Amino acid sequence: MIKRKVLIVITTDFVPYGGLTTVMMNYYRAMNKENLQIDFASTNDPCDELKQELVQNGSKYFDLGSRKHSPIHYLKKLATVLKKEKYDVIHVNGNSSTMAMELVTAKLVGVPSRIAHIHTTRSKYPYANVVLHPIFATSYTTALAVSKQAGDWLYRKNYTLLNNAINTNKYKFNAEVREIIRKKYELTGKFVIGNVGKLNPPKNHIHLLQTFTEYSKQDENAMLVIAGGGELEQQLKAKAAELGVASKVIFLGMYSDIAGILQAFDAFVFPSLFEGLGLAIIEAQAAGLPCIASTAVPQETNVTPYISYLDLDSDAAAWADKIAETKVQVLNTDRLSISEKARGCIREHGYEICCEAEKLEKIYRGI
């Protein structure tokens with residue numbers, strides 16, 4: 001059988017921690033790739049670990065250069081790759097109508113199947129999003145969205161939901177891993193509030209720090225651990241110092257072992273201003289963590305009994321009180337049992353990667 005050739009384009013950097021790369025690598029790893037040639041293209045030269053994984057699976061990677069600073073060069077390189085490799089499918093993953101750049105290029109080159117895949121509910125470049133939307137709307141043949149909220153925002157209608165799914169077994173609670181990581185970061189005996197996400201404005205870490213400051217007033221054993229790096233790292237460290245909690249906040253930076261660090265947490269707090277879905281909070285639930293999210297996070301994340309939502313208009317004291325309630329629950333529950341039940345719920349809601357990967361595989365094959 002002749003192989004179908006697919007190029008997955010990541011419009012942000014191709015990195016081993018978080019974001020669009022993690023989502024698409026989850027699918028790639030779980031998919032039946034027989035008679036499919038699946039390659040990747042993005043804006044940077046990735047780490048050796050990711051490149052080796054692709055090569056070992058018979059895939060290619062193309063560094064297109066900076067999308068933001070050299071868009072003409074970026075699109076010329078994309079066009080060259082598409083012409084040379086003769087792809088049947090291009091799958092563009094992005095956060096706005098600016099995906100028209102890649103999709104129109106693919107259309108002009110003659111790629112027959114062009115997939116747009118939206119991963120958020122708001123654009124960092126709202127003007128460009130509005131201006132490009134009419135062009136974008138005519139550039140794709142298949143529309144995918146991570147949530148109804150994201151799909152309604154960008155496409156308005158006629159799109160397919162593809163859940164940001166995970167390998168639930170990877171996040172099963174592990175007491176040994178928990179102990180090792182807590183010892184490593186001197187967290188033994190502490191009540192650890194955790195967060196996973198890039199340090200950029202939509203993740204709303206300032207609110208998280210204010211909430212933690214309030215909560216720490218009533219719990220001297222509280223610690224806050226943030227896994228993620230980004231543009232606001234120094235600003236957030238300065239804010240922690242200003243609030244007087246710097247000694248109780250650990251910034252891990254870019255962190256690849258998310259399944260591991262989740263074991264070390266006792267609660268997960270996620271006050272995002274907006275999310276396409278919020279994959280991190282699905283992962284946290286799978287690890288048996290009680291989760292507190294903002295009401296701006298899509299309701300598709302409400303997949304277990306162990307998540308609650310608070311409005312961002314509620315002050316830090318209200319969020320702190322919610323954490324205090326959560327601590328009582330944590331002290332009276334069996335984490336392994338909770339993780340087992342949560343992972344079952346996640347699978348029932350369609351967030352098990354093997355099932356969702358099969359859906360995407362069928363799209364690639366044109367079934």
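**Close-up 1. Aromatic cluster of F14, Y28, F40 and Y61 in the predicted model.** The rings of F14, Y28, F40 and Y61 belong to one aromatic cluster. One of these residues, Y28, also receives a lysine: the charged end of K33 sits over the Y28 ring, 4.5 Å from its centre. Across the whole structure, a search finds 10 aromatic pairs.

**Close-up 2. Aromatic pair of Y140 and Y155.** The ring centres of Y140 and Y155 are 5.5 Å apart and the ring planes stand at 70 degrees; the pair is therefore edge-to-face, as planes over 60 degrees apart are classed. Y140 lies in the loop between α5 (126–137) and β6 (142–145), whereas Y155 lies in the loop between α6 (148–154) and β7 (160–161). The two tyrosines are 15 residues apart, and their pairing links distant parts of the chain. Both Y140 and Y155 are buried.

**Close-up 3. Lysine K5 over the ring of Y87.** K5 is positioned over the face of Y87, at 5.2 Å from the ring centre.

**Close-up 4. Packing of helix α8 against helix α12.** Helix α8 spans residues 205–216 and helix α12 spans residues 316–331; they pack at an angle of about 65 degrees, with their axes 8 Å apart. The crossing of α8 past α12 is right-handed. On the α8 side, the contact is made by H207, Q210, T211, E214 and Y215. The α12 side contributes A316, A317, W319, A320, I323, A324 and K327. By class, the contact comprises 7 nonpolar, 3 polar and 2 charged residues.

Note on methods:
Residues are numbered from 1 along each chain as its sequence is written. This is a predicted model: local features need pLDDT of at least 70, side-chain atom pairs count only at pLDDT 80 or more; totals for chains, interfaces and linings use all residues. Side-chain values use heavy atoms; hydrogens and water are left out. Axes are lines fitted to C-alpha atoms, for helices over the stretch in contact, and angles run from 0 to 180 degrees between N-to-C directions. Helices (H or I, at least four residues) and strands (E, at least two) are DSSP runs, numbered from the N terminus. A crossing is left-handed if the near helix is turned anticlockwise from the far one by less than a right angle, and right-handed if clockwise. Contact means heavy atoms within 4.5 Å. Ala, Val, Leu, Ile, Met, Phe, Trp, Tyr, Cys and Pro count as nonpolar, Asp, Glu, Lys and Arg as charged, and the others, Gly among them, as polar. Rings of Phe, Tyr and Trp (its six-membered ring) pair if their centres lie within 6.5 Å; planes under 30 degrees apart count as stacked, over 60 as edge-to-face and the rest as tilted. Buried means under 20% relative accessible area, exposed over 50%, partly exposed in between (1.4 Å probe, protein chains only). A charge sits over a ring if NZ of Lys or CZ of Arg is within 6 Å of the ring centre and within 35 degrees of the ring normal.
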